[in-house]
Amino acid sequence: MLQIKRAGHSTLTTPDIERMIDYFTRIVGLNLAAREKNRAILATKSGVEAIVLERGSAVEAPRLSFQVAPGSDLGEVASRLKKAGLKSERRSDITPGIGEAIAFKDPKGTTLEIFSDFEFAPEDNTFTGVMPLKLGHIAYQCPDVQGIVKFYCDVLGFRVSDWRSDFFAFLRCTRDHHTVNFLRDPKTSIHHIAFEVRDWSEIKRGCDLLARSNIKLTWGPIRHIIGHNVAIYHKNPDGVTIEFFCDMDQMFDEELGFFEPRPWHQDRPQRPKVWGDETPSNWWGPMSRGSSHSEPAAAKTIGKPSREAASAARTPALAHARIRQAQKKSRRAAKPRR
Ligand SMILES: [Fe+2]
């Protein structure tokens, strides 16, 4: 098993690379660290590579990089993958910051680039856009969520932070509640990309900046229940949902096994678990706890993703069926759901 330490960068293909460079620098507030004919590398203001744009006919997220411990032998990484039955290859010049990586495909077809050492991009002291601290998490849709979760845990060393019923999984590789999430859907695709900002005031500044740029929020500001991050969502010019968030649950100590206690948690302490299908999507506002169509979260200790969690939330049947109907309607109106 590998032990992933953090997410590196997400590679996105776009038919209009100039438009996307403009969006990621002027709106998101990343720094254009390098530009090639058909490629652009964007880093945070502090010099951490976050997004690679490539010219392509379709809007996709074909690759994602992960860092293992600095100094790790990439040959050893390749042989561990081989033992797990995975074919990989060594690649060079991944980005200006990543010289070498081992590349292989995960079960849903995303190429993962595993690197051990990297160089920061030069710091950018200009003040533009939202200016996130880092690429926080990447959410994908795919048909076999149980299979991909098993792969990320068994092969890459991720831990399950939470499930919503049996269709939405949140996995961590750092103290952050989630770095990847997987939502069940017949089609495999990117669901959203999330950037972490410093605090609530930066979310507020982001709302103002998006409004000034004529970009509408598609959801938020909200505080999620699963992960408890405060978040806003909008769509980028390619139609990919982008989230800015802060205040995500933190698992400071894996042996303690609970998230750092916060006043807005539903449990004391808050541990990884399976949340019922009817868990409100967020802590404030529509679809939140206390709203006319909310109900308490049905919780199961983490382990096997269960159908029982959903069925536990199904009584009394008629009342809950009505709630489900209302929530489905709201979810359709306010994607991405959670
Ligand atoms: Fe998210």
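**Entry 1**

I began with burial: of the 338 residues in the protein chain, 41% count as buried. I note at the outset that this is a predicted model. I then looked up the secondary structure and found six helices and 18 strands in the protein chain. For contacts between residues at least 6 apart in sequence, I recorded that 63% join residues at least 24 apart.

**Entry 2. Confidence**

I checked the mean pLDDT of the protein chain, which is 89, with 84% of its residues at 70 or more. I marked residues 303–323, where the pLDDT is below 50 and the model shows 31 contacts beyond near neighbours in sequence. I also marked residues 292–298: pLDDT stays under 50 there, and the model has 18 contacts beyond four places in sequence for this stretch. Where pLDDT is low, the predicted coordinates should not be read in detail, so I took no detail from such parts.

**Entry 3. The eight-stranded sheet**

I traced an open sheet of eight strands and wrote down its order as β2-β3-β4-β1-β5-β8-β7-β6, with mixed pairing. Which strands are at the edges? I identified β2 (31–36) and β6 (89–92), each of which pairs on one side only.

**Entry 4. Strand pairs**

Strand β2 is joined to strand β3 (residues 39–43) by five bridges, and the two run antiparallel. Within this pair, I located Arg35 and found Ala40 in β3 as its bridge partner.

I next examined strand β1 (residues 6–14), which pairs with strand β5 (residues 60–67) in the antiparallel sense over five bridges. Here I found Ser10 opposite Leu64 in β5.

In which sense do β5 and β8 run, parallel or antiparallel? I found them parallel, with five bridges joining β5 to strand β8 (residues 111–115). Arg63 stands opposite Thr111 in β8. I kept in mind that side chains in a regular strand alternate between the two faces of the sheet.

**Entry 5. Helices on the sheet**

I turned to helix α1 (residues 17–28), which lies across β1, β2, β3 and β4 (49–55). I recorded its direction as about 165° to β4.

Helix α2 (residues 74–83) also packs on the sheet, and I listed its contacts as β6, β7 (100–105) and β8. The direction of α2 makes about 10° with that of β7.

Technical notes:
Residues are numbered from 1 along each chain as its sequence is written. This is a predicted model: local features need pLDDT of at least 70, side-chain atom pairs count only at pLDDT 80 or more; totals for chains, interfaces and linings use all residues. Two strands pair if DSSP finds at least two bridges between them. Helices (H or I, at least four residues) and strands (E, at least two) are DSSP runs, numbered from the N terminus. A residue is buried if 20 or more other C-beta atoms lie within 10 Å of its own, exposed if 12 or fewer, and partly exposed in between; C-beta atoms are placed from the backbone. Two residues are in contact if their C-beta atoms, placed from the backbone, lie within 7 Å. pLDDT is the predictor's confidence in each residue, from 0 to 100. Axes are lines fitted to C-alpha atoms, for helices over the stretch in contact, and angles run from 0 to 180 degrees between N-to-C directions.
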